[in-house]
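Reader: I would like to learn how to read a model feature by feature. Could we walk through one together?

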Amino acid sequence: MFKNFTSRKFEIKTLIVILIATFLIYLNHFDNPFFFDDTHTISTNESIRSLDNWTSFFTNADTFSSLPANRAYRPMITLMNAIDYSLASGLNSRYYHYHIFFWFLVLIVLMYVLSKHLYKASLPNYKYIGIAALFATAWFALHTANAETINYICARSDSFSTLCIVASLLLYIHPFGRKWHLYLLTMILGIWTKQTGVMFFPILFVYVVLFEEHLILTDFKKETKKKISTVLKRIAPAGIIASFIFLFNQYYLTPESTNSTNFYVTRFEYFSTQWYVIIHYLSNFIFPINLSADPDITIIKPWYSFKTLSGLLVILGMISIMIKTAFKKELRPISFGLAWFFIALLPTTLNPLFQIANDHRMFFPFIGLFIAIPWGALMVLKKYHIIDKNKQYSTQIIIALSIILIGHAYGTTQRNIVWDSRESLWSDVVKKSPKNARGLMNYGLSHMEKGDYDSAIEYFNRAYKLEPNYSLIHINLGIAYSGKKDHIKAEKYFNSALGFNITSPDPEYFYARYLVNLNKYQRAENLLKKALLKSPNHWQSKQLLNSIAGKIKTPKQEIKALQEKIKYQPNPSLYIELSLKYYQNKEYLKSIQTSTEVLKLEPNNANAYNNLCAAYNQLKKWKLGAEACKKALEIKPDFKLAKNNLKWATDNIKN
């Protein structure tokens, strides 16, 4: 039955059908918004807003992100983001998705060419090579797990660097590309896209050993030195250049990049947990129903737990298969694919990262499985003479393969829907990763966007219990309480966010935005300047600072404006504000006088008594200060500021 499906013409037509099917299945993803790291690499990153300075992307790692702690040397990503921003004339996610998807289609074609070459090199003239390569390609194109990478704009670093690695291998295989060392150019582009591009070097080593210098495996003792020398000569250009660029990028251009390392766990704890993470990845390869945009996998202790040891057993089993299949020519695509899988996992397995697992990391390693498994399945069918032995078997195989592809196609459309909005994405994360503080916080944000502040605060508080030192939770609690007009709690959380003293400009920016809404421009300006000291490329801080430039008043102007308001609307809150302005301007007698006016209007105003206390203390009239603070605390026993001012007064009375 398969004999009609082995012509070159059929293969080309089928490949075109695969590309069209992929486009149709991803048709509902092109308007999906920015998420995660898209914020600091695109939305708030001033560097990408002009292509005039595109050369600086290759010389200055600061252009990659508006967050100092997240900067990395990935100039190709910054360049592509800038190109898309220019084409879209702004922040239109569609243009980013169009660009990413175009290169995904190119990678699909290259995947077909590579898999067919590997299969043909292992078993020349076998008539089902084309079908196996087409299935491997279709499976890769439609696989549900890949939707995590294609939907996430910032993950273009994974998809494009993978494209560069596949292209580099094909250029090495092609005589012209090898002669003129064109494969080195695409390798460099891959490293400039993401540091994992350096993995082309070990992948090339495995390819040379398995498919070019394979006698080193079957007849190792004979002319050993010469064989090893040949292998080293072939991979030397890639190895030397890849190592140099990687080291130069990491230790000269971005020496602080090691800050992304997770210092809260030991290297071995992280490494042993990755044994289980690999099981998680493999389960999503086989049956991707537990995909999460932000998994809540944490460090597993002790290292010899059932989860980690079961992962280790699976890994050892796969390595055993990889080694055994390396010695048989017709099985070498299996060995190569498994080696690719493990090599691609090395960067995130050996280097402790803050995120223990991330499903978009599977894109690069899975290339190896898409090569190995279809060929392995075909070799089983060949060994037991199942293909063409019985028409019924052939029909059953076609049905089974169709079910796999249709299932993944459906799963991909559903993941596209999940990535359609903040609410749908984070709702999915909260269901699948309930112990993820960031997921809970972001789901709370989706409620806050709709004005449902109570629900937002509920999720923020749940996140706070898991990660009390997560500054963004404090910021969002401040925003939520400001939406509820609870300014005391809003100020409390904005100030606690500032207290973390992180390298991100977010605490200063969001607090400043809150103050601008209250017309407190001077304080807002001070915060925005601090934000820009942290991150000169932070676009929102620059915009907000420019917008209030003409509104900032001197202390005397602010006092005069308040005096004018009080003439027409003499209420306690305006007097309290005026009292504070006098205090800040060191006019303590006027602050006392104004606070006294408040008490005429509202005798039980705790804030007025506290202001009296602070002003008396500044004048060193400690007994009067203590008296005023005691009255403030009689009215409001939990008034922290009054307690502090009372202590200030009583300490000086004792002295």
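Reader: In which helix is F10 found?

Author: Happy to start there, and please keep in mind that this is a predicted model. F10 is found in helix α1, which covers residues 8-25.

Reader: Is F10 buried or exposed, or something in between?

Author: F10 has 27% relative accessibility, so it counts as partly exposed. Sequence distance and spatial distance can also be read side by side. F10 and G130 are 120 residues apart in sequence, yet their C-alpha atoms are 9.3 Å apart in space.

Reader: Now a core. How many residues does the largest nonpolar core have?

Author: The general idea is that in soluble globular proteins, nonpolar side chains tend to be buried together. In this model the largest nonpolar core has 130 residues, and L169, F336, W340 and W375 have the most contacts inside it. Looking beyond neighbours within four places in sequence, W375 is in contact with residues including Y119, L123, Y126, I129, L331 and I334. Another core lies apart from this one, with 48 residues, among them C154, A293, F494 and L544.

Reader: How do I read a helix pair? At what angle do the axes of α7 and α16 cross?

Author: Look at the approach of the axes, then at their angle. The axes of α7 (residues 156-173) and α16 (residues 363-383) come within 9 Å and cross at roughly 45°. The two helices are therefore oblique to each other. On the α7 side the contact is made by D158, S159, T162 and I165, and on the α16 side by F363, F364 and I367. By class, that contact has four nonpolar, two polar and one charged residues.

Reader: What about R156, is it buried or exposed?

Author: R156 is placed in helix α7, and it counts as buried because its relative accessibility is 2%, under the 20% limit. The side chain of R156 is joined to that of N81 by a polar contact of 2.8 Å. Beyond four places in sequence, R156 touches I77, M80, N81, D84, Y96, H99, I100, S161 and T193.

Reader: And which backbone oxygen does the side chain of K534 reach?

Author: It is the backbone oxygen of I502, at 2.6 Å. K534 is placed in helix α24, residues 521-534. Leaving out residues up to four places away in sequence, K534 touches P68, I502, T503, S504, P505 and E508.

Reader: Let us turn to backbone geometry. Which peptide bond is cis, with omega near -5°?

Author: That is the bond from K301 to P302. P302 is found in the loop between α13 (267-286) and α14 (306-326).

Reader: Where is K485, and what is its phi value?

Author: K485 has phi near 65°, a positive value in a residue other than glycine. K485 is found in the loop between α21 (471-483) and α22 (487-498). With 65% relative accessibility, K485 counts as exposed.

Reader: What is phi of K620 near?

Author: Phi of K620 is near 65°, again a positive value in a residue other than glycine. K620 is found in the loop between α29 (606-618) and α30 (622-635). Its relative accessible area is 62%, so K620 is exposed.

Note on methods:
Residues numbered from 1 in each chain as written. Predicted model: local features only at pLDDT ≥ 70, side-chain atom pairs only at ≥ 80, totals over all residues. Heavy atoms only, no water. Helix = DSSP H or I, 4+ residues; strand = E, 2+ residues; numbered from the N terminus. Polar contact = N/O pair within 3.5 Å; in protein donor to acceptor, adjacent residues only side chain to side chain. Contact = heavy atoms within 4.5 Å. Axes fitted to C-alpha atoms, helices over the stretch in contact; angles between N-to-C directions. Parallel < 35°, antiparallel > 145°, perpendicular 65-115°, else oblique. Nonpolar A, V, L, I, M, F, W, Y, C, P; charged D, E, K, R; others polar. Core = buried A, V, L, I, M, F, W, Y, C linked by side-chain atoms within 4.5 Å. Buried < 20%, exposed > 50% of the residue type's maximum accessible area, 1.4 Å probe, protein only.
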